[in-house]
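Welcome, and please open your viewer so that we can walk through this model together. Keep the selection tool at hand.

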Amino acid sequence: MWLYAGFILLPLRVLATRRRAPPLGEGGLGAQFSPQTGGPTVILTARGQPADFDEGAADYDRCVGPFSGPIFSLALDAMAPYLRSGSRVLDVGCGPGAALRKVARLVARGEVVGVDLSLEMLRLADERARRAGLGNVALFQADAAELPLPFTGSFDVAYSCLVHHHFTQPLASAQGIAASLRPGGVYAAIDATGPRLTRLATPLARAVDPGWVRFWGRQALIDLLVAAGLERVSWTPLAPGIGMAIGTRGSGLAS
Ligand SMILES: C[S@@+](CC[C@H](N)C(=O)[O-])C[C@H]1O[C@@H](n2cnc3c(N)ncnc32)[C@H](O)[C@@H]1O
């Protein structure tokens with residue numbers, strides 16, 4: 001399954017810092033979707049999605065978690081200036097929800113909405129959020145390229161972690177995510193983009209990663225966010241070959 005990521009990239013784990021997150025400032029749009037759903041609960045909105053991502057959902061955290069967890073911790077440090085205690089946050093391609101739970105604990109007066117194509121991933125995210133006692137989470141089965149209409153203009157912050165390389169409609173997905181932001185909201189796209197890492201990982205991804213489409217180079221990912229209408233797109237390196245493109249929704253983006 002995604003075992004290659006664990007084997008090749010496990011050494012990156014040592015790069016993760018274990019700093020305690022500073023308390024977030026006041027503000028943010030607050031909770032909108034989780035009070036409506038009454039908790040984590042999976043809302044079905046996607047129509048007839050391929051089952052690719054359901055395979056291996058149960059093994060995902062064990063195989064990929066040692067790699068994606070530290071990467072996301074580094075990204076979260078870099079995203080901290082954009083988060084408030086009441087932020088409404090969208091996690092695109094949330095998988096079984098490890099990142100989503102970290103953010104939900106931070107934005108205690110706001111919420112995190114996770115979307116994923118895979119019902120199996122969402123079931124796990126739901127179960128684990130419940131077990132963690134998190135009430136400020138809502139989960140939707142949706143394609144990033146066809147996000148539910150009520151999402152439009154509704155989020156302070158959106159992020160995706162290790163998801164862009166799966167998008168079959170990258171521009172529509174980036175545009176949909178950009179449209180989900182309020183004016184001034186930010187989108188952080190975290191993925192493997194370094195030429196050496198992606199060259200090494202491409203044959204393995206082709207062979208064993210369900211739903212893998214292509215890796216994006218750093219500039220290509222920045223250009224994609226710009227093409228989606230985001231402004232002031234900048235780049236934060238997180239670990240060798242891995243980084244985060246982050247852009248802001250201006251007031252002019254059509255919703
Ligand atoms: C490699 S996993 C990343 C999971 C999690 N973000 C993490 O960092 O561990 C990619 C996830 O993206 C989801 N995904 C792929 N394409 C998607 C799309 N078009 N819309 C929504 N989710 C998608 C998959 O179902 C899978 O759960």
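Predicted model: local features only at pLDDT ≥ 70, side-chain atom pairs only at ≥ 80, totals over all residues.

Residues are numbered from 1 along each chain as its sequence is written.

**Stop 1: the sheet.** Show the strands as a cartoon. Helices (H or I, at least four residues) and strands (E, at least two) are DSSP runs, numbered from the N terminus. You will find an open sheet of eight strands, in the order E1-E4-E3-E2-E5-E6-E8-E7, with mixed pairing; two strands pair if DSSP finds at least two bridges between them. Select E1 (42-44) and E7 (230-239) to see the edge strands, each of which pairs on one side only. On average, neighbouring strands of this sheet are turned by 20 degrees against each other, direction ignored; axes are lines fitted to C-alpha atoms, for helices over the stretch in contact, and angles run from 0 to 180 degrees between N-to-C directions.

Stop 2: Pick Ile43 and look for its bridge partner in E4, Phe140.

**Stop 3: strand E6.** Now select residues 181-192. Nine of the 12 residues of E6 are buried, so the rest of the structure largely encloses this strand; buried means that 20 or more other C-beta atoms, placed from the backbone, lie within 10 Å of the residue's own. E5 (residues 155-161) runs parallel to E6, and six bridges join them. Ser160 has Ala189 of E6 as its bridge partner. E8 (residues 242-249) pairs with E6 in the antiparallel sense over seven bridges, and Asp191 stands opposite Gly243 in E8.

**Stop 4: helix H8.** Select residues 218-227. H8 packs on the sheet and touches E6, E7 and E8, where contact means C-beta atoms, placed from the backbone, within 7 Å. The direction of H8 makes about 150 degrees with that of E7.

**Stop 5: the ligand.** Which residues are closest to the ligand? Select Phe53, Gly93, Gly95, Cys161 and His166: these are the closest of the 23 residues that surround the ligand, counted when the C-beta atom, placed from the backbone, lies within 6 Å. Finish with H3, which gives the most to this shell, with three residues.

How values were computed
Contact = placed C-beta atoms within 7 Å.
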